[in-house]
Amino acid sequence: IALQKLKPVKTCKIHFVWTEKHRRRDLDNVAAGKKLVLDALVASSIIQNDTRKNVHGFQDHFAGCNKNIAGVCIIIDTFAPRSRPEAKEIIERILEG
């Protein structure tokens, strides 16, 4: 998070794009890392709190499998509660590979 030099936001919707090396884990287990990401965003002062006042929602996207890469791409959409068209385009590009 620190390397991205993110600016603090007051309200947002967060998109999580998950990539796994294999299909062994259930999707809910993959997305369980969301709590850690939200806590890290609060700890680094990117969002004030992870309550509904500050985070208007989140959405999970699953990019499939890549034997070389596993992780999550986070898109912080400050146009909450509606998604900005640019966020949708970014997600589509990631999902396409």
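Which side chain makes a polar contact with the side chain of glutamate 20? The tour comes back to this after a look at the whole chain.

**Before you start**

This is a predicted model, in which local features need pLDDT of at least 70 and side-chain atom pairs count only at pLDDT 80 or more, while totals for chains, interfaces and linings use all residues. Residues are numbered from 1 along each chain as its sequence is written, and side-chain values use heavy atoms, with hydrogens and water left out.

**Whole chain**

Show the chain as a cartoon. There are three helices and three strands, in the order β-α-α-β-β-α from the N terminus on. Helices (H or I, at least four residues) and strands (E, at least two) are DSSP runs, numbered from the N terminus. Of the 97 residues, 29% are buried; buried means under 20% relative accessible area, exposed over 50%, and partly exposed in between, with a 1.4 Å probe and protein chains only. Among contacts (heavy atoms within 4.5 Å) between residues at least 6 apart in sequence, 80% join residues at least 24 apart.

**The sheet**

Select the three strands. They form an open sheet in the order β2-β1-β3, with mixed pairing; two strands pair if DSSP finds at least two bridges between them. At the edges are β2 (55-65) and β3 (71-77), each pairing on one side only. From one strand to the next the twist averages 15°. Axes are lines fitted to C-alpha atoms, for helices over the stretch in contact, and angles run from 0 to 180 degrees between N-to-C directions.

Now select β1, residues 12-20. This strand runs antiparallel to β3, joined by seven bridges, and pairs with β2 in the parallel sense over eight bridges. Click on phenylalanine 16: opposite stand isoleucine 74 in β3 and aspartate 60 in β2. Isoleucine 14 has isoleucine 76 of β3 as its bridge partner.

Show the side chains of β1. In a regular strand the side chains alternate between the two faces of the sheet. Here Cys12, Ile14, Phe16, Trp18 and Glu20 point one way, and Lys13, His15, Val17 and Thr19 the other. Nine of the nine residues of β1 are buried, so the strand is largely enclosed by the rest of the structure.

**Glutamate 20**

Select glutamate 20, in strand β1. Its relative accessible area is 14%, so glutamate 20 counts as buried. Its side chain makes a polar contact with the side chain of arginine 25, at 2.9 Å. A polar contact is a pair of N or O atoms within 3.5 Å; within protein, one must be able to donate a hydrogen and the other to accept it, and residues adjacent in sequence count only if both atoms are side-chain atoms. Not counting residues up to four places away in sequence, glutamate 20 touches Arg25, Val30, Gly64, Cys65, Asn66, Ile69 and Ala70.

**Last stop**

Select Thr19, Ala63, Asn66, Ile69 and Ile94. Of the 13 residues lining the second largest pocket, these lie nearest its centre. A pocket is an open set of points on a 1 Å grid over the protein atoms alone, with protein on both sides within 12 Å along at least five of seven lines; lining residues have an atom within 4 Å of a point. The largest share of this lining, three residues, comes from β3.

Technical notes: 1 Å grid on protein atoms, 1.4 Å probe; cavity = no way out; pocket = protein on both sides within 12 Å on 5 of 7 lines; lining within 4 Å.
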